[in-house]
Amino acid sequence: MASADPADTPPVPFIDLSAQHAPISGELVGAVSRILETGQFILGDEVRALEADIAEYCDARYAISCASGTDALVLSLMSLGIGAGDEVITSPFTFFATAGAIHRVGAKPVFVDIDPASFNICPEAAAAAITENTRAIIPVHLFGQTADMEPLWRLAVLHDIPLIEDACQAIGATYQGRQAGVLGTMGCFSFFPTKNLGGAGDGGIITLDDKDLAERLHHLRVHGDTGGYHHVAVGFNSRLDAIQAAILRVKLTQLDDWIEQRIDAGDHYDWLIASKGISEWVTTPTRSDNSRHVFNQYTIRVPAFERDDILASLRQDGIGCAVYYPTPLHLQPCFESLGYSLGSLPAAEAASAEVLSLPVAPGTDASSRERVIDRLAAACEGRAGWSQRRAA
Ligand SMILES: *Cc1c(COP(=O)(O)O)cnc(C)c1O
């Protein structure tokens, strides 16, 4: 099918934060000036107000902010006393920080394979990996869709193992009507700028209902200080800035609207892909029953041997796209000593070879999406295997 000449059409950025901020720029600048006037830059009233807002949004009793999503994971593990000799089960198909945090506290990441449909941890594989040293499971709600929690809840109760949600990509996602962040013992979120709720810098937060753990987290983020330089534990410095909190509080008022835009964009992509007749080559993301996928990423699969060429072709046509993640964590050089090899976790390895994320951030309008799928179809048609298969 003839497509528009890409030279005639404007590029589609993968994400354009300045465009997203433009309609609220007055409020954002006002929030920053207000903090400059207070002279209170780290923790303090504004950070407490954000914590209260996030606790309310996630239906959690407590929310404790920190310096990043990575730190949220590290602090969660520390608060549970997890360290040397302990094993923590998680997904190999995630951002590095999930496993990096486990290693940072001295524990051993135990990678188990994913469910190829959702890209999230396979509960049966997690069950099979439990040993007497297992001290936690970290399900990751990848791309904005919650992991299959019900079987994990059963494991948690049966083996008395806490679940720490890596909800960094999933603020606003729900599972059986409950918010991500309260589906386990604790939920870890990131405010990295490209997350669904992002600051103008780094930031993170932990949501939970347990009072004792909340108290411990409050201490751990300030070197274990309970006040008055009295240190009950060795924590570290992981605090949120008031300017970030003020910006995030403004952006939180837009979050549900932005999530709706992401969901609409995802549905539109599904429809466009089906109507272009490329469904045989492009697998669209699944939505699990009883859950709300908030599309931090809209991630398709294409044949592994064509993926990098399709990516290059889209980029050449000015379409922003990305591969999350090209190497599963069990095959990263830094984890070589854990003893995994190619073939250890085939579903995660296949996903790494086949995934491609398309622009889905707020501001990617309908005509941009049409252009994305138009160029995707052209890229598919340009591949040798495509025309052969189609002719057959
Ligand atoms: C972004 C992210 C993190 C880490 O968050 P930072 O704020 O960048 O430290 C952890 N896990 C997942 C799945 C993420 O997407």
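Trainee: In this predicted model, which exposed residues does the face of H11 turned away from its buried side carry?

Mentor: That face carries Phe-305 and Gln-316, and they are called exposed because the word is kept for a relative accessible area over 50%.

Trainee: Which residues of H11 are buried, and what makes them line one face of the helix?

Mentor: The buried residues of H11 are Glu-306, Arg-307, Ile-310, Leu-311 and Leu-314. Seen down the axis of H11, these buried residues fall within an arc of 145°, so they line one face of the helix.

Trainee: Why is the pair of Phe-14 and Tyr-324 called tilted?

Mentor: Ring centres have to lie within 6.5 Å to pair, and planes under 30 degrees apart count as stacked, over 60 as edge-to-face and the rest as tilted. Phe-14 and Tyr-324 are 6.2 Å apart centre to centre with 50° between the planes, so the pair is counted as tilted. Phe-14 lies in the segment before helix H1 and Tyr-324 in the loop between helix H11 and helix H12, so the pair ties together parts that are 310 residues apart in sequence. Ring pairs also link Phe-14 and Tyr-324 into a cluster whose members include Phe-143 and Tyr-325.

Trainee: Why does Tyr-324 count as partly exposed, whereas Gln-169 is called buried?

Mentor: Buried means under 20% and exposed over 50%, with partly exposed in between. Tyr-324 has 24% relative accessibility, so Tyr-324 counts as partly exposed, whereas Gln-169 has a relative accessible area of 7% and is therefore buried.

Trainee: What makes the approach of Gln-169 to Tyr-325 a polar contact?

Mentor: The limit for a pair of N or O atoms is 3.5 Å, and one must be able to donate a hydrogen and the other to accept it; the side chains of Gln-169 and Tyr-325 are joined by such a contact at 2.9 Å. The side chain of Gln-169 also reaches the backbone nitrogen of Phe-143 at 2.6 Å.

Trainee: How do you know that the charged end of Arg-104 sits over the ring of Phe-236?

Mentor: The distance limit is within 6 Å of the ring centre, and the charged end of Arg-104 sits over the ring of Phe-236 at 5.9 Å from its centre.

Technical notes:
Residues numbered from 1 in each chain as written. Predicted model: local features only at pLDDT ≥ 70, side-chain atom pairs only at ≥ 80, totals over all residues. Heavy atoms only, no water. Phe/Tyr/Trp six-rings, centres within 6.5 Å; stacked < 30°, edge-to-face > 60°. Helix = DSSP H or I, 4+ residues; strand = E, 2+ residues; numbered from the N terminus. Buried < 20%, exposed > 50% of the residue type's maximum accessible area, 1.4 Å probe, protein only. Lys NZ or Arg CZ within 6 Å of the ring centre and 35° of its normal. Arc of directions from axis to C-beta.
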